[in-house]
Each structure stands twice: as C-alpha cells, then as structure tokens.
Amino acid sequence: MGEWIELDGTDGGRAWVSRPTIGDGPGVLVLHAWWGLNATIRGYADRLAQEGFVALAPDLFRGTVADTIDA
C-alpha cells in the first residue's frame with residue numbers, strides 16, 4: 001500500500017508514505033525506534049492508511065536496520 005519517497009534537501013533521505021485508498025485524511029508522523037524503519041513499522045503505517053490517515057515514516061537511519069541492540 002505504501003511507497004518510498006525521496007525527501008528534498010536531505011542528501012539521500014527517504015521516507016515511507018501510506019495514503020488512504022479514497023480521498024485524503026489527517027496526517028500522522030510515524031517514528032521508528034532503535035531498530036530502524038523495518039517491515040513492521042512500514043506495515044503499521046499501511047494500517048493507519050487503511051483507517052483513513054496519511055502516514056509518513058521517515059527513515060532516520062538511512063536504510064540501516066538492526067536485529068539486536070548491539071547491532
């Protein structure tokens with residue numbers, strides 16, 4: 001449902017954006033935790049879109065995803 005977008009002026013920054021299938025809704029900013037913008041967070045943004053929100057999840061770690069705290 002969502003898609004990757006490039007963020008202007010961020011030198012390679014990107015975000016996952018999910019929109020409702022019908023019309024536009026209020027916007028929600030989805031921030032990920034220490035593990036990065038993984039499939040779980042993207043799925044959460046997609047579920048928000050199914051409920052009528054426009055969800056934007058910026059990739060704060062530029063593609064790095066961790067599986068453990070040490071990573």
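**A tour of the aromatic rings**

Begin by selecting tryptophan 35, which is partly exposed in this predicted model, its relative accessible area being 28%. With both side chains displayed, turn the view until the two rings can be compared; the centres of tryptophan 34 and tryptophan 35 lie 5.4 Å apart and their planes meet at 75 degrees, so the pair is edge-to-face.

How many aromatic pairs does the structure hold? There are two, and for the other one the next selection is tryptophan 4 together with tryptophan 16, whose rings are also arranged edge-to-face, at 5.3 Å centre to centre and with 80 degrees between the planes.

Is tryptophan 16 buried or exposed? With a relative accessible area of 10%, tryptophan 16 is buried, whereas tryptophan 4, at 30% relative accessibility, counts as partly exposed.

Finally, keep these two rings on screen and bring in the arginines. Select arginine 14, which lies over the face of tryptophan 4, at 3.6 Å from the ring centre; then select arginine 42, which is placed over the face of tryptophan 16, at 5.5 Å from the ring centre.

Notes: Residues numbered from 1 in each chain as written. Predicted model: local features only at pLDDT ≥ 70, side-chain atom pairs only at ≥ 80, totals over all residues. Heavy atoms only, no water. Phe/Tyr/Trp six-rings, centres within 6.5 Å; stacked < 30°, edge-to-face > 60°. Buried < 20%, exposed > 50% of the residue type's maximum accessible area, 1.4 Å probe, protein only. Lys NZ or Arg CZ within 6 Å of the ring centre and 35° of its normal.
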